[in-house]
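Keep the structure open while you read.

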Amino acid sequence: MCRWLAYSGTPLLLETILYKPAHSLIDQSLHSKLGVETTNGDGFGVGWYTQEATATPATFRDIGPAWNNRNLREIADHVRSPLFFAHIRASTGTAVQQTNCHPFRHGRWLFMHNGAITDFHRMRRDLTLLVDPALYPDVEGTTDSEVMFHLALTFGLEADPPGAVARMAGVVERVGREHGVEYPLQMTLAISDGERLWAFRYSSQGASRTLFYSSRVDALRRLHPDMEFLQEVSDETRLVVSEPLGNLPGAWNEVPESTFGIVGGPAGDSLHPFTPQAA
């Protein structure tokens with residue numbers, strides 16, 4: 001499986017989040033504590049939005065491990081963003097190649113995933129044929145994750161992200177069970193359009209991979225008034241992570257099973273139940 005983080009808030013240099021925390025994502029690439037694998041070295045990727053109104057987010061992906069990539073270090077030291085994704089990959093069977101590295105991009109949208117479609121090789125053809133023909137040429141790699149993204153786009157991601165992901169999950173479970181797979185889907189995933197961030201935790205078995213979100217910054221300031229970082233970021237700053245970046249008391253909250261969360265937007269931050277839907 002993989003490890004990932006999504007950041008939204010005060011514009012920061014990527015290195016502030018990727019490298020500086022005690023148990024940063026770079027540290028997790030070698031020493032994951034909560035993942036299926038301790039080492040996540042089958043490629044990595046970052047995607048980020050700028051404060052300018054550009055058409056698409058930038059992405060940088062590579063097949064090597066994140067812990068010793070000089071280009072990632074260089075980018076992290078110089079790129080400042082108010083919303084970015086970072087992902088370190090441990091392959092579940094598909095090839096280690098650049099097109100299989102997360103995050104995936106379509107227009108303004110970024111998508112990354114930890115988990116798997118069980119026995120994906122058995123149902124890959126059926127699922128791929130459900131992708132909108134207009135979107136199919138954009139599928140560059142061979143992963144179940146990228147097919148999930150394009151299914152969500154097919155089912156209306158740009159208009160209704162939670163509904164589209166629910167319909168995608170429903171189709172994966174239906175097709176999986178048609179192929180005799182008892183528990184077809186395992187997913188923690190993040191999606192953004194550059195303004196809001198959606199994060200999902202779900203598995204067919206009800207035993208999903210770990211996912212956490214950071215506590216409100218104003219509450220953390222009261223608990224830890226001497227922490228310089230907390231004085232520099234806005235109250236709206238949030239992190240969603242596969243595993244905590246450190247052991248700061250009160251900083252991390254587990255996303256409940258079968259739940260999705262929204263960060264940003266007119267309604268603010270919120271958590272909601274998640275249930276797959278028939279599509």
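S24 sits in the loop that links α1 (14-18) to α2 (25-31). Bear in mind that this is a predicted model. Is S24 buried or exposed? With a relative accessibility of 4%, S24 counts as buried, because the cut-off for buried is under 20%. Leaving aside residues up to four places away in sequence, S24 touches I17, L18, Y19 and L245.

Next up, helix α4. Its residues 120-128 include four buried ones, F120, M123, L127 and T128. These span an arc of only 135 degrees around the axis, so they lie on the same side of α4. H121 and R125, on the other side of α4, are exposed. As for what covers the buried residues of α4, the list includes β6 (109-117), α5 and α6.

| Helix | Residue range | Residues in the contact |
|---|---|---|
| α5 | residues 144-154 | M148, L151 and A152 |
| α6 | residues 161-178 | A164, M168 and V172 |

Sorted by class, the contact of α5 with α6 has 6 nonpolar residues, with no polar and no charged ones. And the geometry? The axes of α5 and α6 are 8 Å apart, and the helices pack at an angle of about 120 degrees. That angle makes α5 oblique to α6, since roughly perpendicular covers 65 to 115 degrees and roughly antiparallel needs over 145. The crossing of α5 and α6 is right-handed.

How values were computed
Residues numbered from 1 in each chain as written. Predicted model: local features only at pLDDT ≥ 70, side-chain atom pairs only at ≥ 80, totals over all residues. Heavy atoms only, no water. Helix = DSSP H or I, 4+ residues; strand = E, 2+ residues; numbered from the N terminus. Buried < 20%, exposed > 50% of the residue type's maximum accessible area, 1.4 Å probe, protein only. Contact = heavy atoms within 4.5 Å. Axes fitted to C-alpha atoms, helices over the stretch in contact; angles between N-to-C directions. Parallel < 35°, antiparallel > 145°, perpendicular 65-115°, else oblique. Left-handed = near helix turned anticlockwise from the far one by under 90°. Nonpolar A, V, L, I, M, F, W, Y, C, P; charged D, E, K, R; others polar. Arc of directions from axis to C-beta.
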